Amino acid sequence: MTNEELWKAVLTEMELALSRANFTTWFKGTSLLANNSGALMVSAPNGFVKEWLENKFGKQIFQIIRNLSPEVREIKYIVGNLRPGLPFQKKDLVQFVPDKISEECSDADIDKATNLNKRYSFNSFVVGPSNELAYAAGIAITKNLGKVYNPLFIYGGVGLGKTHLLQATGNLVAASSSNKKVLYIPSERLTTDIIESLKNRTIEDLKQRYLKLDLLIIDDIQSIAGKKGTQDIFFATFNELYGKNKQIILSSDRPPSAIPALEERLRSRFEGGMITDIMPPDYETRLAILKLKSKEKNFEIDNNSLAYIASNIQKNIRELEGALNRIIAFSQVYSKIPDFKEVKKLLAAYLNTPYRKTTHQLILKSVADFYGISLSDLVKRSRKKEIVKPRQIAMFLLREETKSSFPEIGSKLGGRDHSTVIHAYEKIKKEEEGDETIKQELVLIKERIYQTFENV
């Protein structure tokens with residue numbers, strides 16, 4: 001068979017297996033570019049479709065092709081319509097492994113010595129009235145390490161840029177002098193390290209590692225509250241670093257005085273330096289953040305749409321970026337930039353989800369339609385892999401969108417135990433934070449739910 005015939009056969013079978021909307025979304029604009037001794041190269045119109053072909057439909061595509069051409073062993077998915085027949089080296093291909101999910105190599109951004117993410121910088125931090133004092137303090141520290149604002153304690157709500165500012169400070173110090181030893185560590189990791197060191201009787205080694213630092217940055221320090229062992233060791237380490245004029249920067253979701261179960265001696269140390277807050281950004285800052293994020297993502301969007309987002313999302317920066325990501329997901333899937341009217345429709349559910357009601361049945365149907373399975377398959381007790389994930393997504397959305405109890409959700413999905421629902425909810429919630437594909441899937445399913453809701 002020619003490449004064109006082979007891919008046409010794949011498209012025919014996939015069209016029969018999927019709804020018209022799903023087939024058009026994921027297979028329009030795809031083609032088989034080359035077949036070199038059983039190593040195939042398949043073209044996708046954009047990165048989002050490429051990920052879905054690999055991760056969601058890869059097993060089916062591989063099986064269809066193997067049934068037609070048993071000699072095929074490898075499939076490579078690429079973005080772009082390169083000239084068919086373009087020569088490529090087999091060593092550049094990755095062998096297709098069914099059910100293997102590809103992961104973004106975000107570890108490449110993390111410096112293993114400092115634990116800092118190099119993407120965080122002062123250049124990408126948008127300064128406004130809500131954060132200018134914290135920003136100025138961070139800049140001052142990089143110029144006078146250990147001599148001013150020691151310790152620096154930054155507090156504020158979730159998603160306001162505390163971690164960005166902390167890591168930007170650490171990155172600038174590390175870049176300015178290769179002799180300076182810097183370490184960024186979340187509070188939970190600090191606790192884990194201390195527990196492991198106590199268990200392995202290497203606590204002195206851990207202390208010495210911290211005492212060699214010129215800059216110690218601890219994120220979410222409120223997490224050590226109530227952990228006496230961690231507080232004892234940290235107090236001793238803090239005192240020695242401070243006594244040597246080594247810089248300490250801490251962040252929290254609240255000021256030291258409001259952290260419960262925090263020892264008074266630590267509270268006193270935290271309050272002995274500079275305390276500054278980061279507040280929710282004002283309109284101008286939100287708009288500037290959106291423009292910067294759009295530029296970073298190389299995504300063009302009209303100013304009216306950006307102004308609409310900035311006016312309607314006021315809580316935190318993560319929600320701003322989440323709204324922008326929703327629009328980018330739409331653009332990638334449908335290969336078009338949404339106009340202002342489409343942006344308002346896309347964000348209607350996002351802006352109003354906490355205050356709107358939908359139904360269990362509508363959520364289940366939307367999930368089933370999105371994944372191309374029947375509603376009965378979603379509800380019945382099937383353990384097929386192609387059913388398990390959609391069912392877990394459904395459990396997550398039922399909890400998020402209707403606030404139903406876990407036992408109630410279990411009853412809607414074949415009488416499952418509440419512990420099964422809790423496991424599914426926590427699993428998808430974790431994946432939503434770290435897996436871009438899951439995040440995009442949830443965005444698109446919610447689109448279906450609320451678009452259908454509006455038309456009911």
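In what order do the strands of the open sheet of 5 strands stand, and is their pairing parallel or antiparallel? The order is β5-β6-β7-β4-β8, and the pairing is parallel. Two strands are taken to pair if DSSP finds at least two bridges between them. Strands here are DSSP runs of E with at least two residues, helices are runs of H or I with at least four, and both are numbered from the N terminus.

The model is predicted, so local features need pLDDT of at least 70 and side-chain atom pairs count only at pLDDT 80 or more, whereas totals for chains, interfaces and linings use all residues. Residues are numbered from 1 along each chain as its sequence is written, and side-chain values use heavy atoms, with hydrogens and water left out.

Strand β5 pairs with β6 in the parallel sense over 5 bridges, and V182 has L215 of β6 as its bridge partner. Strand β6 (residues 215-219) in turn pairs with β7 (residues 247-252), again in the parallel sense, over 4 bridges. Here L216 has I248 of β7 as its bridge partner.

Buried means under 20% relative accessible area, exposed means over 50%, and partly exposed lies in between, with a 1.4 Å probe and protein chains only.

Next, the helices on the sheet. Helix α5 (residues 132-143) lies across β4 (152-156), β7 and β8, and runs at about 135° to β8. Helix α7 (residues 187-200) packs on the sheet and touches β5 and β6, with its direction at about 95° to that of β5. Axes are lines fitted to C-alpha atoms, for helices over the stretch in contact, and the angles run from 0 to 180 degrees between N-to-C directions. Contact means heavy atoms within 4.5 Å.

Helix α6 (residues 162-176) has 15 residues and spans 21 Å from its first C-alpha to its last, close to the 21 Å expected at 1.5 Å a residue. That expected span is 1.5 Å times one less than the number of residues. Among the buried residues of α6 are H164, L165, L166 and V173. Their cover includes α5, β4, β5, β6, β7 and β8. Helix α17 (residues 385-402) has 18 residues and reaches 26 Å, close to the 26 Å expected. Its buried residues include I387, R391, F396 and E401. After α17 comes K403, whose phi is positive, near 60°.

I turn now to the aromatic rings. How many aromatic pairs are there? The count comes to 12. Rings of Phe, Tyr and Trp (its six-membered ring) pair if their centres lie within 6.5 Å; planes under 30 degrees apart count as stacked, over 60 as edge-to-face, and the rest as tilted.

F122 lies in the loop between β3 (74-79) and α5, and Y135 in helix α5, so the pair ties together parts 13 residues apart in sequence. F122 is buried, at 11% relative accessible area, whereas Y135 is partly exposed at 22%.

Y308 and F340 also form an edge-to-face pair, at 5.8 Å and 90°. This pair links distant parts of the chain, with Y308 in helix α12 (residues 303-312) and F340 in helix α14 (residues 340-352), 32 residues apart. Y308 is buried at 19% relative accessibility, and F340 is partly exposed at 32%. Elsewhere, ring pairs join F153, F234, F238, Y242 and F270 into a cluster.

Charges also sit over rings, which requires NZ of Lys or CZ of Arg within 6 Å of the ring centre and within 35 degrees of the ring normal. R209 lies over the face of Y210, at 5.5 Å from the ring centre, and R265 over that of F235, at 4.3 Å.

Finally, the protein overall. It has 20 helices and 8 strands, and buried residues make up 47% of its 456 residues. Of the contacts with a separation of 6 or more, 71% involve residues 24 or more positions apart.
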